[in-house]
Amino acid sequence: NDLYQLTSQAIESLKQTDGLGSHEFIIIDNGSTIGATELQASSDIYVRNKKNIGFTLAINQGLKLAKGDYIVSANNDIRVSPNWYYIAEGIMEQSPDIGSVHFRMIHYDEPMTYGDNVWHTDKERWCHSSFYMMKREVIDGIGLYDEEYRDFGYEDWDFWHRVREAGFKQAYTNRACFQHKDSSTNDLKDPSIRDASTQKNREYFKDKFGEFPEVLFEQQFPEQMECRWRPFP
């Protein structure tokens, strides 16, 4: 089916990464009904949840199992440019205070194109969580995603806010990119469930940090709110 095709294409593009070297490929199957045998065969470590336990719990499953100096997190509805690893590794080696590298996100059917820019600060708004690489020491320093967040939303705002509070910088670059098919794996039938969950997560964020996430971000990075979320440069 379409979902399995998306997932297979994501796996294939990741496995065609240039210069990846020694690595472990971890797949968290979050209660899907697609190709479990094939997914297991494509991975070094395969975890299958009997039901969908939500994004936050599932990504933490993967982070707990991940080893090595670098950890990569990827959604299953993406295709990545083959150069992302050596671009990210080079950025991190040149700037030790960078905790994560995030790449230019484009629409799924848009041709892969590249720039020549790296921003070490002032582009945090574009440092999304669909596909990124981070240092092991980030997790060692701040811990995992906060599991009080349930689908949908703001668990990544919380995580990256804690990353910056811990003194790590985020880098955004257009020297590598990835195609993303937005919300393609979400089959939620009742939008009111999403809305209620999102609002509950916003309230939890405010209780934790003192402001709603958008307000806190605007206070910290007012100039970033003046630019559009998309298209990315």
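## Burial and overall form

Of the 233 residues in the chain, 43% are buried (buried means under 20% relative accessible area, exposed over 50%, partly exposed in between, with a 1.4 Å probe and protein chains only). This is a predicted model, in which local features need pLDDT of at least 70 and side-chain atom pairs count only at pLDDT 80 or more, while totals for chains, interfaces and linings use all residues. Residues are numbered from 1 along each chain as its sequence is written, and side-chain values use heavy atoms, with hydrogens and water left out.

Eight helices and eight strands make up the secondary structure of the chain; these are DSSP runs numbered from the N terminus, with helices being H or I of at least four residues and strands E of at least two. The radius of gyration is 17 Å, close to the 17 Å that the globule rule gives for 233 residues, so the chain is as compact as a globular protein of that length. That radius is taken over C-alpha atoms, and the rule is 2.2 Å times the number of residues to the power 0.38. The C-alpha trace spans about 50 × 45 × 35 Å along its principal axes.

## Nonpolar cores

A nonpolar core is a set of buried Ala, Val, Leu, Ile, Met, Phe, Trp, Tyr and Cys residues joined through side-chain atoms within 4.5 Å. The largest one has 29 residues, and those with the most contacts inside it are Val80, Trp84, Val101, Phe103, Phe131 and Phe178. At least two residues each come from α1 (2–15), β4 (78–80), α4 (84–94), β5 (98–107), β7 (131–135) and β8 (169–180). Helix α4 gives the largest share, six residues.

Beyond its neighbours within four places in sequence, Val101 is in contact (heavy atoms within 4.5 Å) with Ala88, Ile91, Met92, Tyr132, Met133, Ala171 and Thr173.

## A parallel strand pair

Strands β1 (residues 26–30) and β2 (residues 45–49) pair in the parallel sense over five bridges; pairing requires that DSSP finds at least two bridges between two strands. Ile27 has Tyr46 in β2 as its bridge partner.

## Tyr204

Helix α7 (residues 191–209) contains Tyr204, which counts as partly exposed at 25% relative accessibility. Not counting residues up to four places away in sequence, Tyr204 touches Asp146, Glu148 and Tyr149. Tyr154 is 50 residues from Tyr204 in sequence and 9.4 Å from Tyr204 in space, C-alpha to C-alpha.
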